[in-house]
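Here is a brief report on one predicted model. It covers the sheet, the ligand site and selected loop residues.

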Amino acid sequence: MIQRTLVLIKPDGVQRALIGRIIQRFEDAGLKIIGMKMVWVDSDFAKKHYSEHVQKDFYKSLEEFITLGPVVAMVIEGVYAIEVVRKLVGPTEPRSAPPGTIRGDFAHMSYDFSDSKGIGLKNIIHASSSEEDAKREISLWFSDDELHSYKVVHEIHSMG
Ligand code: ATP
Ligand code: MG
């Protein structure tokens, strides 16, 4: 039940100075950050991270987007963390993401607008979408010694 998931605050979130407010949402939910760093990825690394999308029409614009500035990468741990983090993040398209979600509250971009401009869908954040993806993405972004085991004070309430 306790899972780890990879979260990236994408270059648009970093450049819009949303790092603190986004991290706050995960901490507020009682999730634990067990690794964190700022990274400016290159094209090769982007292809590894988004390997499932490399062949797609939108990949060129996605790569331009994810490499346009540094991202904040985090590993978040908690009970069903993969599912819970995706719930807090909201659906891929900010236009359709409900209020209360990170994508719904901090962005409003649509697929058709991004496509008409030939730019990536600026949606603030990435979160792993399955246990398999989380495992692959965490080992791509973090070495074992960059991940930490420690107790947060509210674990007594949220995790027994
Ligand atoms: P992420 O993997 O970044 O967490 P996601 O899992 O919600 O997002 P994916 O389908 O994996 O969505 O797409 C990866 C990213 O590619 C999206 O977050 C978005 O930035 C971009 N993207 C997806 N579809 C399109 C599209 N049709 N046009 C432009 N960009 C797109
Ligand atoms: Mg995805």
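## Ligand site

Which polar backbone atom lies 3.0 Å from an oxygen atom of ligand 1? It belongs to Leu121. Side chains contribute too. An N or O atom in the side chain of Lys10 is 2.8 Å from an oxygen atom of ligand 1. For a polar side-chain atom of Arg86, the distance to a ligand 1 oxygen is 3.0 Å. The protein covers 88% of the 580 Å² of accessible area that ligand 1 has on its own. Such areas come from the Shrake-Rupley method with a 1.4 Å probe; for residues, only the protein chains shown count as cover.

Around ligand 1 there are 15 residues, counted when a heavy atom lies within 4 Å. The closest are Tyr50, His53, Thr92, Asn123 and His126.

## Conventions

Residues are numbered from 1 along each chain as its sequence is written, while chains are lettered from A and ligands numbered from 1 in the order in which they are written. As the model is predicted, local features need pLDDT of at least 70, side-chain atom pairs count only at pLDDT 80 or more, and totals for chains, interfaces and linings use all residues; side-chain values use heavy atoms, without hydrogens and water.

## Sheet and helix

Four strands form an open sheet in the order β2-β3-β1-β4, with antiparallel pairing. On average, neighbouring strands are turned by 20° against each other, direction ignored. Strands are DSSP runs of E, at least two residues; helices are runs of H or I, at least four. Pairing requires at least two DSSP bridges.

β1 (residues 2–9) and β3 (residues 71–79) pair over 8 bridges. Ile2 has Val79 as its bridge partner in β3. Helix α5 (residues 81–89) lies across β1, β3 and β4, at about 35° to β1. Axes are lines fitted to C-alpha atoms, for helices over the stretch in contact; angles run from 0 to 180 degrees between N-to-C directions.

## Loop residues

Ser110 sits in the loop between α6 (102–106) and α7 (111–117). It counts as buried (under 20% relative accessible area) because its value is 10%. Beyond four places in sequence, Ser110 is in contact (heavy atoms within 4.5 Å) with Glu93, Arg95 and Leu121.

Ile124 lies between α7 and β4. Its phi is positive, about 75°, although it is not a glycine. Most residues other than glycine have a negative phi. Ile124 counts as buried because its relative accessibility is 0%.

Key:
A polar contact is a pair of N or O atoms within 3.5 Å; within protein, one must be able to donate a hydrogen and the other to accept it, and residues adjacent in sequence count only if both atoms are side-chain atoms. Buried means under 20% relative accessible area, exposed over 50%, partly exposed in between (1.4 Å probe, protein chains only).
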